[in-house]
Amino acid sequence: MGRSKAAKSKSQSAQADAGTLARRCFEKGQYKDALKQARVAARKSPGPESQRLLELATFERAAQLQRNGMREQ
C-alpha cells in the first residue's frame with residue numbers, strides 16, 4: 001500500500017527544503033552546513049540538479065578548509 005497524499009506532499013516539501021537550505025547556507029558562506037543539506041537533498045531526490053548542488057558544496061567546503069589552513073595529512 002502506498003503513502004497517503006499528505007505524506008507524499010510532506011516528503012516532497014522536505015526535499016525542496018533541503019535544497020533551499022543548502023543554497024541559503026551558500027549565500028551566508030556556511031559551507032559545512034551547505035554540504036550537509038546538499039547530501040540530504042541528493043539522497044531524497046537524486047537527479048542532475050541535486051548532484052550538481054552536492055558537487056558544488058563538496059568543492060566549496062574543501063576550498064574553505066584549505067583557506068583555513070587544513071591540509072591533507
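## Ser 45 and its loop

Where does Ser 45 lie? Ser 45 sits in the loop between H2 and H3. The model is a predicted one. Is Ser 45 partly exposed or buried? Ser 45 counts as partly exposed because its relative accessibility is 28%, and that class lies between the 20% and 50% cut-offs.

Gly 19 is 26 residues away from Ser 45 along the chain. The C-alpha atoms of Ser 45 and Gly 19 are separated by 9.6 Å.

## Overall fold

The protein has three helices and zero strands. Read from the N terminus, the order of elements is α-α-α.

Among contacts between residues at least 6 apart in sequence, 47% join residues at least 24 apart.

## The nonpolar core

Nonpolar side chains tend to be buried together in soluble globular proteins. Here, the largest nonpolar core holds nine residues. They are Ala 22, Cys 25, Phe 26, Tyr 31, Ala 34, Leu 35, Ala 38, Leu 53 and Ala 57. Helix H1 (5-28), helix H2 (31-44) and helix H3 (48-67) each give two or more residues to this core. H2 gives the most, with four residues.

Which residues does Ala 38 touch, leaving aside those up to four places away in sequence? Ala 38 touches Ala 22, Leu 53, Leu 54 and Ala 57. Of these, Ala 22, Leu 53 and Ala 57 are listed in the core along with Ala 38.

## Burial and surface

The protein has 73 residues, and buried ones make up 23% of them. The protein exposes about 5700 Å². Carbon and sulfur atoms supply 50% of that area.

How values were computed. Residues numbered from 1 in each chain as written. Predicted model: local features only at pLDDT ≥ 70, side-chain atom pairs only at ≥ 80, totals over all residues. Heavy atoms only, no water. Core = buried A, V, L, I, M, F, W, Y, C linked by side-chain atoms within 4.5 Å. Buried < 20%, exposed > 50% of the residue type's maximum accessible area, 1.4 Å probe, protein only. Contact = heavy atoms within 4.5 Å. Areas by Shrake-Rupley, 256 points an atom, 1.4 Å probe, with all protein chains shown as cover.
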